[in-house]
Amino acid sequence: MKYETLLILNPVLSEEQMKYCVYEYIDFFLKKKAKLLFQEHWGLKKLAYYIQNKINGYYHVFYYKVNSKFISKLELKIRRDERIIRFFSVKIDKDASLYIKRNKSNLVQADFF
């Protein structure tokens, strides 16, 4: 199954801390045999409402292919991580998968590292 996970990281993190956090999750995907299709770094964005007294957050999204049992392990890791202020994971259906594949060339491949 294909999934998408969006992480919103705490804006008080330095750029190095934010990159390290993202690298940790990439390593987690690889260790758990998830096939990371691609990722995007959306940068510092304004939140729709305050979360933990923060109005901004670093957005990073992962698209990957994995067994459904992996999601519970990933979400447990995220919930324990104080650097993440919000997240969500969704299963990508066939239509969304085609859209992503078609527009993949227009997406940034996390070149911010």
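This short talk describes the sheet, the cores, the aromatic rings and the salt bridges of one protein model.

Good morning. The model is a predicted one, in which local features need pLDDT of at least 70 and side-chain atom pairs count only at pLDDT 80 or more, while totals for chains, interfaces and linings use all residues. Residues are numbered from 1 along each chain as its sequence is written, and side-chain values use heavy atoms, with hydrogens and water left out.

Let me begin with the sheet. Helices (H or I, at least four residues) and strands (E, at least two) are DSSP runs, numbered from the N terminus. Four strands form an open sheet in the order β2-β3-β1-β4, and the pairing is antiparallel. Two strands count as paired if DSSP finds at least two bridges between them. Which strands lie at the edges? They are β2, residues 35-51, and β4, residues 84-91, each of which pairs on one side only. From one strand to the next, the twist averages 20°; for such angles, axes are lines fitted to C-alpha atoms, for helices over the stretch in contact, and angles run from 0 to 180 degrees between N-to-C directions.

Now to the individual strand pairs. Strands β2 and β3 are joined by 11 bridges, and G43 has Y59 in β3 as its bridge partner. These two strands form a hairpin with two residues between them, and Q52 in the turn has a positive phi of about 50°. Between β1 and β4 there are seven bridges, and L9 stands opposite I84 in β4.

I turn next to the interior. In soluble globular proteins, nonpolar side chains tend to be buried together. A nonpolar core is a set of buried Ala, Val, Leu, Ile, Met, Phe, Trp, Tyr and Cys residues joined through side-chain atoms within 4.5 Å. Buried means under 20% relative accessible area, exposed means over 50%, and partly exposed is in between, with a 1.4 Å probe and protein chains only. The largest core has 21 residues, of which L9, Y25, F29, F62, Y64, F70 and L74 touch the most other members. The elements that give two or more residues to this core are β1 (2-9), α1, β3 and α2. Which element gives the largest share? It is α1, with seven residues. Apart from this core lies another, of 10 residues, including L6, L47, I51 and Y59.

Let us look at the aromatic rings. Rings of Phe, Tyr and Trp (its six-membered ring) pair if their centres lie within 6.5 Å; planes under 30 degrees apart count as stacked, over 60 as edge-to-face and the rest as tilted. The structure holds eight such pairs. One of them joins F29 and F62, a tilted pair at 5.0 Å centre to centre with 50° between the planes. It links distant parts of the chain, for F29 belongs to helix α1 (residues 15-31) and F62 to strand β3 (residues 54-65), 33 residues apart. F29 counts as buried because its relative accessibility is 1%, and F62 is buried because its relative accessible area is also 1%. F29 forms a tilted pair with Y64 as well, with 4.6 Å between the centres and 50° between the planes. Here the two residues are 35 apart, in helix α1 and strand β3, and both are buried. F29, F62 and Y64 belong to one aromatic cluster together with Y3, F28 and F70.

Finally, the charged side chains. Side chains of opposite charge can pair when their charged atoms come close. A salt bridge is a side-chain nitrogen of Lys or Arg within 4 Å of a carboxyl oxygen of Asp or Glu, and the structure holds five. One of them is between D27 and K31, at 3.2 Å from N to O. Both residues lie in helix α1, four residues apart, about one turn of the helix. Are they buried or exposed? D27 counts as partly exposed because its relative accessibility is 36%, whereas K31 is exposed because its relative accessible area is 60%.

In helix α2 (residues 69-80), R79 and E75 are likewise four residues apart, and their closest N and O atoms are 3.8 Å apart in a salt bridge. R79 counts as exposed because its relative accessibility is 58%, while E75 is buried because its relative accessible area is 18%. R83 and D81 meet in a salt bridge of 2.9 Å, N to O, and both are buried. Together with E24, these two residues are linked in a network of salt bridges. Thank you.
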